[in-house]
Amino acid sequence: MAKTKTAYFCQNCGAQYAKWIGQCTSCKQWNTVVEEVVQKEEKKAWKASSSTLQKAAKPLLVRDIANDKEIRLNTLDQEFNRVLGGGLVPGSLTLLGGEPGIGKSTLLLQIALKLAYKTLYVSGEESQKQIKMRADRIHPNSENCFILTETKTQNIFQQIVALEPDLVVIDSIQTLHSDYIESAAGSISQIRECTAELIKFAKESNTPVILVGHITKDGTIAGPKILEHMVDTVLQFEGDRNYVYRILRSLKNRFGSTAELGIYEMQGSGLREVNNPSEVLISKNDQDLSGTAIAATVEGMRPLLLEIQALVSTAVYGTPQRSATGFNAKRLNMLLAVLEKRAGFKLAAKDVFLNITGGISIDDPATDLAVIAAILSSNSDIAIEKGACFAAEVGLAGEIRPVQRIDQRILEAEKLGFQTIYVSKNNKIGLKKTKIQVKLASKIEQVVVELFG
């Protein structure tokens, strides 16, 4: 037997130390350094069959490498395919993270049940009966999805060899443990070892693997940071559990763009794909309400129209309140200062509350003009004309600045039936004929006169 070796790992960031210390020098957290056994037996965790073994790689000139289009596995989920860049790549490892109860297991089980390929769904958190109850609610008639409740990687690989699935889903990586590492499941060394074994299996057998990962209280994926470096794709599933909408983002993607976005609606029968999110994010209220403006934004590669609500009231206490939900509070303070200094509106003694409906957070500067329009509408108690939307950034001098991909924003607003869109005068618009009226402005004062006279 080899001599037992131990090391000290930070359970928050995964930093490794030769001896115990009270504070991690990497993430500055106290009492997170724990001793773990890192002894490893000289055995192979995954043995590829003769049919899956590949020849040893040889160096090739760049010009000699074949530029064939990558074959992808269609997941039958348009939103999931969009975020991945067209589907799952054979031999790839995808990590899906998100808050507890947000719908990670539901999303992957839903995909596994719909696929016509042989799929192995491995769960270390739920029993087969629990998964069966959820499967009956989502998609009861599946003939290709196999459920395995196991946490030991050696046993999982035995079932994989016997079944030979086309897709493997692991829920979750924090529950797995390997016999070759003598430490608890969920520890830094176990997560690293189990992921390495799954990567070796995926690359040698050319089988895509999807891992579910837990997240910390800060919203980052739990475990060592090297976990995100080891996998090919990192997806983030987010949203407020008080709302029905969920957003799937790509934080890292070796096979596609990280600018794509997928939107789902949580229902009793599972997650429904939202192909046109603008229609569900804008309220269908026929009444003229002040303090409401529509912003034409772009999230990733997808244009969206969002409803922005503002409420301006006299401050009850000495210090006025500034509150923003789904919008950067510091940027809100900046826009209020611009209105005070450049446009002459006295808002220093008033409370200002801002909300982006639907539970979506946005950081696109093109929403600036819509935010200002909503604030001024609430302050004067005059509703903005129906059919108007906004797509422009506001500078510190009160100027209306141009934004990227204005043509996409205009076409999305036109598709949803808007009659007017306010944009910067300096924007280069490539569209020749549009049914929507494009109003150009260079200063805030011009927009205020147009809206409120």
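Helices are DSSP runs of H or I with at least four residues, numbered from the N terminus. The model is predicted, so local features need pLDDT of at least 70 and side-chain atom pairs pLDDT 80 or more, while totals for chains, interfaces and linings use all residues. Residues are numbered from 1 along each chain as its sequence is written, and side-chain values use heavy atoms, without hydrogens and water.

Axes are lines fitted to C-alpha atoms, for helices over the stretch in contact, with angles from 0 to 180 degrees between N-to-C directions.

| Helix pair | Angle | Axis distance |
|---|---|---|
| Helix 9 and helix 11 (residues 444-452) | about 50° | 11 Å apart |
| Helix 2 (residues 104-114) and helix 3 (residues 128-138) | roughly 65° | within 10 Å |

Helix 9 is therefore oblique to helix 11, whereas helix 2 is roughly perpendicular to helix 3. Under 35 degrees counts as roughly parallel, over 145 as roughly antiparallel, 65 to 115 as roughly perpendicular, and the rest as oblique. Helix 2 and helix 3 also cross in a right-handed way.

**Who touches whom**

Contact means heavy atoms within 4.5 Å. From helix 9, Leu369, Ile372, Ala373, Leu376, Ser377 and Ser380 meet Ile444, Val447, Val448, Leu451 and Phe452 of helix 11. This contact has nine nonpolar, two polar and no charged residues. Here Ala, Val, Leu, Ile, Met, Phe, Trp, Tyr, Cys and Pro count as nonpolar, Asp, Glu, Lys and Arg as charged, and the others, Gly among them, as polar.

Helix 2 contributes Ser105, Thr106, Leu109, Gln110 and Leu113; helix 3 contributes Ile131, Arg134, Ala135 and Ile138. That contact divides into five nonpolar, three polar and one charged residue.

**Ser377**

Ser377 lies in helix 9. Ser377 counts as buried because its relative accessibility is 0% (buried is under 20% relative accessible area, exposed over 50%, partly exposed in between; 1.4 Å probe, protein chains only). Beyond neighbours within four places in sequence, Ser377 contacts residues including Ser290, Thr292, Ile384 and Phe452.

**The core**

A nonpolar core joins buried Ala, Val, Leu, Ile, Met, Phe, Trp, Tyr and Cys residues through side-chain atoms within 4.5 Å. The largest has 46 residues, and Ile375 and Phe390 touch the most other members. Helix 9 (residues 368-380) supplies its largest share, eight residues. Another core, of 28 residues, lies apart from it and includes Leu73 and Ile102.

Methods:
Helices (H or I, at least four residues) and strands (E, at least two) are DSSP runs, numbered from the N terminus. A crossing is left-handed if the near helix is turned anticlockwise from the far one by less than a right angle, and right-handed if clockwise.
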